[in-house]
Structures are given as C-alpha cells and as structure tokens.
2 protein chains.
Amino acid sequence: MTELLSAAQLEERLRHVGETRYHHLHPFHKLLHGGKLTKGQVQAWALNRYYYQASIPRKDATLLARLDNAADRRAWRQRIIDHDGMKEGEGGIARWLMLTGGLGLDQDYVEGCRGILPATRFAVDAYVHFVAERSVLEAVASSLTEMFSPMIIANRVAGMLANYDFVSQQTLAYFQNRLTEAPRDADFALAYVKHHARTPEQQQQAIAALTFKCDVLWVQLDALYHAYVAPGHVPPGSFVPQE
Amino acid sequence: MTELLSAAQLEERLRHVGETRYHHLHPFHKLLHGGKLTKGQVQAWALNRYYYQASIPRKDATLLARLDNAADRRAWRQRIIDHDGMKEGEGGIARWLMLTGGLGLDQDYVEGCRGILPATRFAVDAYVHFVAERSVLEAVASSLTEMFSPMIIANRVAGMLANYDFVSQQTLAYFQNRLTEAPRDADFALAYVKHHARTPEQQQQAIAALTFKCDVLWVQLDALYHAYVAPGHVPPGSFVPQE
C-alpha cells in the first residue's frame with residue numbers, strides 16, 4: 001500500500017521526478033546549449049517550441065476557470081498576463097516571436113504553426129487536454145516543471161550567447177523574464193500541491209502529473225532530435241531547414 | 001479560392017494523401033517487414049501498437065454516439081464488434097494480445113500500457129480527441145487510412161513470416177482478419193465522405209482529417225525509430241528490450 005507522505009517528503013519525491021526526467025537531461029539540450037547545432041536546427045527548435053508557448057495561456061485559462069476562490073485565481077491569472085502581455089507586442093509569446101524573428105523565421109509562418117512536427121502538436125495538445133480533464137490538483141501539479149526551469153535557462157542563455165553568432169541578448173529576452181516568473185509560479189504551485197494533496201492517492205496523482213508533464217517536454221525534444229539531428233527524418237510536411 | 005471537387009476528384013485527392021503520407025513509406029516499416037529488426041525491437045513495436053488497437057473501440061464509440069441514423073450506426077458498430085469480439089478472447093484486441101504473447105511479452109504488462117512510449121500515448125489520444133471533437137464528416141474521414149492498409153498488411157505478413165523465426169501464422173492472425181474487415185470499413189467511410197462533403201470547405205476538411213490521421217500513424221513509427229533503432233534513446237520509463 002502507498003503511505004501518506006509528509007509535505008517535505010512529497011516535495012522530495014517531486015524534486016526526484018525532475019532530477020530524473022526533466023528535459024535538462026535530454027541530448028538535444030546538450031547540443032543546443034553547447035553550440036553544436038546549425039542555425040537551421042535552432043530554427044526548428046524555436047519554431048516547434050512556439051506552439052508550446054502559444055498554447056500555455058489556453059491551458060492556464062482552463063485551470064483558472066476551475067479555481068474556486070479569488071486568491072488562487074489572482075495568483076494564477078498572472079501567468080496568462082505574463083504570456084499574453086498587456087498590449088500587442090508584449091508578453092512571453094511576443095518575446096518568443098522576437099526569438100524566432102531573430103533567427104530569420106517569418107512571423108506568419110511561425111504563428112500559423114503549419115511547419116511544426118506532428119509530435120509537437122500531439123504532446124502540447126495532450127498537456128492542454130490533461131489540464132482541462134484532470135483534477136485541479138493534478139492540473140496544478142503538472143505545472144511544477146517550473147521548479148526546474150531556472151537551472152536550464154541559465155545554462156541556455158549563457159551557452160547560446162557564447163556559441164551562436166545568430167542569437168543576441170535581445171532575441172533571448174524571453175528567458176530573462178522567465179528567470180523571475182518561473183520561481184514565483186513554481187512556489188505558488190508547490191505550496192498548493194503540498195496543501196491539497198492530503199491522501200496517499202492524491203499525492204501519487206500529483207507525482208504522476210509531474211511525470212506526465214516531463215514526458216510532454218521530453219517527447220518534443222525526442223521528435224526534434226529524430227527529425228533534425230539523427231537520423232534526420234523530417235516527417236512529411238514539416239519544416240525543412242535551409243541553413 | 002478552393003473549388004468544389006467532383007466525387008471522383010475528391011477520392012483522387014484522398015488517395016494522393018495516402019500515397020505520399022501513409023506510414024508504408026516510413027523507414028521503420030521497411031526494417032520491420034524486411035527482417036532487419038531484433039526480437040526486442042519487434043516487441044517494442046507490438047507493445048506500443050497495442051495501445052493504438054486498444055483505443056480504437058473507444059474512438060469508434062464516440063463516433064457511433066453522434067451518427068444520426070440507424071443504417072450508419074449499424075455499419076459503424078461492426079467496427080466495435082470486430083475489435084472487442086463477441087466474448088472474452090475474441091476480437092482484434094485479443095488477437096493483438098496473441099501477437100504480443102507470441103513475442104514473449106507478459107499480458108498484464110502489455111494491457112497495463114506502462115511501458116509504451118509517451119509519444120505513442122499522445123498520438124493515439126490525439127486521434128481519440130479528434131474524433132470526439134471534430135465534425136462527424138472529419139471523424140469518418142480520419143478513418144480512411146484503412147483504404148491503404150491492405151497493401152501494407154500483405155507485405156507485413158509475408159515479410160515477417162519469411163524473416164523472423166519468432167513469429168508464426170497464428171501469432172499474426174490479427175492481420176488475416178483485417179484483410180477483409182479494412183476494405184469493407186473503408187468502402188463505407190469513403191462513400192460516406194464522398195456523399196457528405198458537399199462544399200469546398202467540407203472537402204478540404206476531409207482531406208485535412210486524413211492527413212492528420214497519417215500523422216498519427218507516422219509519429220508512432222518516428223518514436224519507435226528514435227527510441228529503438230537510431231540513435232536508440234529510450235525515454236525515461238519506457239520499455240527496454242532485453243533481446
């Protein structure tokens with residue numbers, strides 16, 4: 001039988017999921033941060049990741065609609081504000097378009113999401129569906145990958161600036177904001193999960209939700225690796241790098 | 001502007017989608033049918049494909065629930081009967097378990113779907129969601145990959161029997177039944193689509209639905225190739241071949 005964990009034990013188990021399954025361990029990230037990718041491969045990463053970025057506010061809106069008190073909703077709505085911005089050209093999605101634009105990708109092409117890998121679409125849509133269909137506790141827990149993102153972002157910005165002449169501090173502005181937003185969001189979500197996961201079953205659901213979310217991130221890099229690194233099988237209809 | 005196609009032109013366009021995007025073109029199938037895979041790699045294919053097989057009746061049930069006349073429902077319900085069988089041990093899912101069992105995989109492990117690739121789950125779930133959420137026309141059109149399955153099945157059975165000593169006519173019984181079921185189902189679905197896609201928009205939706213379904217099948221083989229052929233990156237938690 002599964003036993004009830006203390007809040008500290010639960011946090012430890014959640015952190016263990018990140019240490020063993022978060023995508024900082026994926027070979028594609030090592031290539032990306034280590035300067036081992038061509039510009040075309042970095043374009044493919046940014047293009048596909050756009051679909052994830054653009055879907056996050058819809059995911060958060062389905063969760064916002066199910067939070068039953070104003071304090072929680074005030075905290076959670078900030079995520080939507082951060083991504084969608086206060087006006088045109090602001091927010092995380094707009095900053096991601098600065099990255100894809102800086103990499104030479106046409107904005108209409110990026111926003112149309114026509115060239116993304118089918119695996120990207122399926123993984124991201126699985127996340128949106130998961131948050132809409134599972135319990136609020138599981139939906140919140142699935143966001144906890146943000147506990148681990150600061151470490152990957154610091155490496156990414158330093159590594160990409162050092163290794164690629166086609167990226168600049170300005171095109172990487174997205175990540176600068178995430179360094180403060182992600183820990184704030186993660187602190188709230190972790191406190192929520194520790195408070196609301198009160199039975200062994202709920203605790204296991206929270207751990208499984210974070211595992212699921214790690215899979216969502218991992219699958220996206222698997223698909224990029226397969227299509228654009230080795231063996232380099234781009235699926236029919238997906239983006240083909242020109243440089 | 002998109003123009004209205006004749007029924008024959010629409011069928012031609014649908015067949016073109018299959019000729020250019022159906023998974024008979026995928027490198028993994030060439031390895032599978034050509035006897036180039038190890039038993040462990042064939043196990044991985046059968047294990048993952050089980051999740052697809054087991055999900056099909058749920059997909060068909062959501063569609064059955066939205067068909068508005070008895071004749072269409074009588075035709076469509078046969079698919080559920082074919083997959084689920086008339087009693088325990090019969091039907092397509094049971095025949096797929098004969099294949100996985102013949103390959104040496106434990107039935108509880110297969111049915112639990114714990115070792116499948118996350119990409120398999122996301123792709124199959126995307127198909128189930130698509131059929132539940134899109135128009136009936138698009139849902140029916142997404143089944144039209146069955147127009148192309150007889151050619152792949154004939155190659156598969158002949159190739160696998162000739163090349164692998166760990167498969168037999170009996171373990172491949174699933175495919176024998178599909179050789180007659182799939183054309184019957186495809187004939188009905190194709191006639192339905194040709195009759196009900198009456199505007200240029202509906203015709204484009206039908207073509208897009210079949211393209212989507214080809215992506216669902218393609219992604220599953222991409223993920224198998226990436227995990228088990230080259231570079232051989234098995235995601236955390238997925239099946240690891242022992243032979």
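Biologist: How many residue pairs are in polar contact between chain B and chain A?

Modeller: This is a predicted model, in which local features need pLDDT of at least 70 and side-chain atom pairs count only at pLDDT 80 or more, while totals for chains, interfaces and linings use all residues. Residues are numbered from 1 along each chain as its sequence is written, chains are lettered from A and ligands numbered from 1 in the order in which they are written, and side-chain values use heavy atoms, with hydrogens and water left out. A polar contact is a pair of N or O atoms within 3.5 Å; within protein, one must be able to donate a hydrogen and the other to accept it, and residues adjacent in sequence count only if both atoms are side-chain atoms. With both residues at pLDDT 80 or more, the count of pairs between chain B and chain A is seven.

Biologist: Which helix of chain B supplies the largest share of the side that touches chain A?

Modeller: Helices here are DSSP runs (H or I, at least four residues), numbered from the N terminus. Helix 1 (7–21), helix 7 (118–133) and helix 11 of chain B each give at least two residues to the side that touches chain A. The largest share, eight residues, comes from helix 11.

Biologist: How many residues of the side of chain B that touches chain A are nonpolar?

Modeller: Ala, Val, Leu, Ile, Met, Phe, Trp, Tyr, Cys and Pro count as nonpolar, Asp, Glu, Lys and Arg as charged, and the others, Gly among them, as polar. On that basis, this side of chain B has five polar and four charged residues, and its nonpolar residues number 15.

Biologist: Which residues of chain B lose the most area to chain A?

Modeller: Contact means heavy atoms within 4.5 Å, and 24 residues of chain B are in contact with 24 residues of chain A. Buried area is the accessible area (1.4 Å probe) that two parts lose on being put together, summed over both. The two chains bury about 2,000 Å² between them, 73% of it on carbon and sulfur atoms. Together accounting for 32% of what the chain B side buries, the residues that lose the most are Phe122(B), His226(B) and Pro236(B).

Biologist: How many salt bridges does the rule find across the interface of chain B and chain A?

Modeller: A salt bridge is a side-chain nitrogen of Lys or Arg within 4 Å of a carboxyl oxygen of Asp or Glu. Over all chains, a search of the whole structure finds 24 of them. Across the interface of chain B and chain A, the number is zero.

Biologist: How far apart in sequence are the parts that Asp215(A) and Arg21(A) tie together?

Modeller: Asp215(A) forms a salt bridge with Arg21(A), with the closest N and O atoms 3.2 Å apart. Asp215(A) lies in helix 11 (residues 200–228) of chain A and Arg21(A) in helix 1 of chain A, so the separation of the parts they tie together is 194 residues.

Biologist: Is Arg178(B) buried or exposed?

Modeller: The side chains of Arg178(B) and Glu181(B) meet in a salt bridge at 2.7 Å, N to O. These two residues are three apart in helix 10 (residues 173–196) of chain B, and therefore separated by about one helical turn. Buried means under 20% relative accessible area, exposed over 50% and partly exposed in between (1.4 Å probe, protein chains only). Glu181(B) is buried at 9%, and Arg178(B), at 7%, is also buried.

Biologist: Why is helix 11 of chain B largely enclosed by the rest of the structure?

Modeller: This helix (residues 200–228) has 29 residues. The expected span is 1.5 Å times one less than the number of residues; the helix reaches 42 Å from its first C-alpha to its last, close to the 42 Å expected. It is largely enclosed because, of its 29 residues, the number buried is 24.

Biologist: Where is His23(A) found?

Modeller: His23(A) is buried, with a relative accessible area of 3%. Leaving out residues up to four places away in sequence, His23(A) touches His29(A), Arg49(A), Ile152(A), Leu217(A), Trp218(A) and Leu221(A). In chain A, His23(A) sits in the loop between helix 1 (7–21) and helix 2 (27–33).

Biologist: What is the relative accessible area of Trp76(B)?

Modeller: Trp76(B) belongs to helix 4 (residues 70–84) of chain B. Beyond its neighbours within four places in sequence, its contacts include Lys59(B), Leu63(B), Val140(B) and Phe188(B). Trp76(B) is buried, and its relative accessible area is 0%.
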